[in-house]
Every structure is written in C-alpha cells, then in structure tokens.
Amino acid sequence: MSSAQRKDDHVRLAMEQQHAHHGRNQFDEVSFVHHALAGIDRPDVSLATAFAGLTWQAPLYINAMTGGSAKTGAINRDLAIAARETGVAIASGSMHAYFKDPSCADTFRVLRAQNPDGFVLANVNATASAENARRAVGLIGANALQIHLNTAQETPMPEGDRSFASWAAQIERIAAAVDVPVIVKEVGNGLSRQTVLALAGLGVAAADVSGRGGTDFARIENGRREHADYAYLHDWGQSTAACLLDAQDTGLPLLASGGVRTPLDVARALALGAAAVGSSGGFLRTLLDGGVPALVAKISAWLDQLAALQTMLGARTPAHLTRCDLLIHGDLRSFCADRGIDTRRLAQRSSPSPSSSSGSSSGSGSGSADVLHELTGSPR
Ligand code: FNR
C-alpha cells in the first residue's frame, strides 16, 4: 500500500472514531475544588505560556496529523490557515512520506507557506536519520521538531516496524543534530514517568504525553487489517490525565494531548502540569465538518473560554493553574494510589497545611483569594 493511501486511511478511520466516540474519558475524573472568592478580573488574565525557552501567546496547539497525499496536503493548508488566524502553534504530520518520495514536499511546505510567521513543528519518527530530521526541519522552516513514539500503532500495522531497541539512541542523535528544540510525543497511548525520565537524559526539550482518551491508533491500524485480529489492543496505554500525574516533577517540561474535548479539559491538563495542550482528531473533525471558518471559530472560542475559566479560578497565567486544588476520582484515583502519587497534596495545594507542604513547590499562606493571586508558578 502506498504511503499516500495510508495517510488518507488514517484520516478516514480517525474521523469514523470521532463520530463513534461516546464522549467520556479520564479527564472527567479530574475536578477543580471551587473557591467562590478566588476569581480575578479578566484584564489581568494572560494566556501566554513559556517552556523550554519558548514563549507561546496561547497554551494551545494543533497537534501532528498529516501530509503526504493530495488530500492531506489540502487538509494541511486549511489547518495552517486556522493556525495563522488564531495564533496557535501547529505541528506537521509525520514527514516520513517526504523522505520516501520528495515529490510530496508541497503537502508539508504548505504549512509554512500559509503561516509564514507562526510557530510550526516538524514531525519524524524515532528511526529517522539525523540528516532526514534536519531536512524535515528545513523543508518547513520549523521552529521545533516532534519525534513520535508509536509502538502500539506499529504493532498491529501489517507493514509496521518490529524493531524498537534503537529508538532511544536515535532520539539522542537527532536531538544533538538539529538546531531547534526537540519534543518527543506519543500518538495516543501515553508516556509513563519512566519514559519521561529516560527522555530527560536524551537531550530533548519537552515531552508531549499524548495519552489515551481520544484518537486510538491501535484501533485505527487494527481497522486496516483484513481480520481486525488485534482488537484487544484497543484503548491501550494510560490516559492523558494519568500521564501528567505520573510525570510530575521529572524536570522535563510537559505538553498534553490525547482526548482533549473542551476548554475545561485544556484547563485540567494545564492544572496537571502541562505547559500547553494539543488537539488533533477533534480539530480535524471540526475542519472536515465545517471548513476553516468552523475551526477558526472553535479555536477562538476555546481561547476565550480558557481565559474565562482562568478568571474564575484566579489563575493569571496558565502556569498559575498548577496552584489550583484538584480532586482525582474513580479509576484515576486508583492509578494514583498504585503509582504512589499523592492526591491529597493536589487537593490542598492552594493552602498547604504544614503536614502536606513538605517537599511541595506550592506557596504558603492562608488560602485567601489574595494569596491565590499572589502565588507564582512556572510550568514544569
Ligand atoms: C495523528 N497523530 C499523529 N502523530 C504524529 O506524531 N505523527 C503523525 O503523523 C500523526 N498522524 C495522525 C493522523 C491523524 C488523522 C490523527 C487524528 C492523529 C496523533 C496525534 O498527534 C495525537 O497524538 C493523537 O491523535 C491524540 O490526540 P487527539 O486526536 O485525541 O486529540
């Protein structure tokens, strides 16, 4: 099967998943403690976020999807226009197709052509040569490079990779060879704490946990198999919320994607420590259903509502959301118990008691609105 055909299949199957999705995921097991006097004034709220030496005007991005065929080139054009119109960052889909067949270069280049001043990320897999990683960055004038990890996608893919042992060393080579920050991401199965710690030692600038709860690539690849005999791999991995909880305080900046459905999910992910939050399947569905105007309207509404939520929660910046008290429920709570994650600290971090403040990075104080406002934070 041609690479172009596979890219078109991914879009079709991802959209079937979007339409079949029941709507619930583990973000529903994260809630904010409501403090009725914590609110601040909207003009005092900023959406700007900083991580790994980068500053973005908003903590939202269109995450990696596509390119490599005529149809997906048109999708990239429209995504790039939406990114330009809303000022959010945008990632290319895997550029492997370009390495195999440079004649599809324009289906990726369009990301930069339509968005000359925006923040654009190139995307390769962990087997790309350092030279190809540099070519990918150069082709679209990328400001950063994503490297995707996708063992649970490759496994049910008939033509998939079966050799994963070299990936860590190759990530380190790529990170040393390119002159832009490298962000390693999953594709919807999540990064564990151990993986994030390993990445921190490989010279990468940030990790996008891209967890379970949205697009499911094991399911997509299984749907491309003649007998769909890998159905037991559906829903493999950890949810995005679980990943963020698991990877607290590793020292590596985190981004979040996977199953982000609403501005509240964005706020939840930021409160769990993400410096920025991405969406792929949901944004693509909006684009394909309603065109560029619909996607621009959706992203604009999300940014507006995120600012509104920060106003209500007393968070002057996205980073300040990491000082909001969070309650963890259900299966996610069990996950935390088994992984040794202290949910009580999360529930009390705006006003730590002496017993819960040891080792915590939270500020001290009475928990009054004033104190909430004065707390400062920076994304992990
Ligand atoms: C993806 N994703 C993806 N990721 C990547 O690093 N390289 C890629 O080429 C692709 N291709 C791709 C195609 C399509 C159609 C979709 C929907 C997604 C994965 C994506 O970046 C993200 O990690 C997951 O989709 C989880 O986020 P959502 O879709 O639940 O918001």
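I take a polar contact to be a pair of N or O atoms within 3.5 Å; within protein, one must be able to donate a hydrogen and the other to accept it, and residues adjacent in sequence count only if both atoms are side-chain atoms.

I note that this is a predicted model, in which local features need pLDDT of at least 70 and side-chain atom pairs count only at pLDDT 80 or more, while totals for chains, interfaces and linings use all residues. Residues are numbered from 1 along each chain as its sequence is written, and side-chain values use heavy atoms, with hydrogens and water left out.

**Entry 1: the ligand.** A polar side-chain atom of Lys185 lies 2.9 Å from a ligand oxygen atom. For Thr215, a side-chain N or O atom is 2.5 Å from an oxygen atom of the ligand. Gly259 has a backbone N or O atom 2.9 Å from a ligand oxygen. The ligand taken alone exposes 610 Å², and the protein buries 97% of that (Shrake-Rupley areas, 1.4 Å probe).

I found 21 residues, the closest being Ala64, Met65, Ser94, Ser210 and Thr215. This shell divides into five nonpolar, 14 polar and two charged residues (nonpolar: Ala, Val, Leu, Ile, Met, Phe, Trp, Tyr, Cys and Pro; charged: Asp, Glu, Lys and Arg; polar: the others, Gly among them).

**Entry 2: aromatic rings.** I counted seven aromatic pairs (rings of Phe, Tyr and Trp, the last by its six-membered ring, with centres within 6.5 Å; planes under 30 degrees apart are stacked, over 60 edge-to-face, the rest tilted). The pair of Phe51 and Trp56 is edge-to-face, because the ring centres are 5.1 Å apart and the planes stand at 85°. Both Phe51 and Trp56 are buried (under 20% relative accessible area, 1.4 Å probe, protein chains only). Ring pairs join Phe51, Trp56, Tyr61 and Phe119 in a cluster.

**Entry 3: cavities.** I searched the whole structure and recorded three cavities of 30 Å³ or more (on a 1 Å grid over the protein atoms alone, points where a 1.4 Å probe fits but cannot get out; lining residues have an atom within 4 Å of a point). Eleven residues line the largest cavity, and Val33, His35, Ala38, Leu313 and Cys324 are the closest to its centre. Its lining has six nonpolar, three polar and two charged residues.

Terms used:
1 Å grid on protein atoms, 1.4 Å probe; cavity = no way out; pocket = protein on both sides within 12 Å on 5 of 7 lines; lining within 4 Å. Points joined across faces, edges and corners; volume = space filled by probe spheres on them. Buried < 20%, exposed > 50% of the residue type's maximum accessible area, 1.4 Å probe, protein only. Near = heavy atom within 4 Å.
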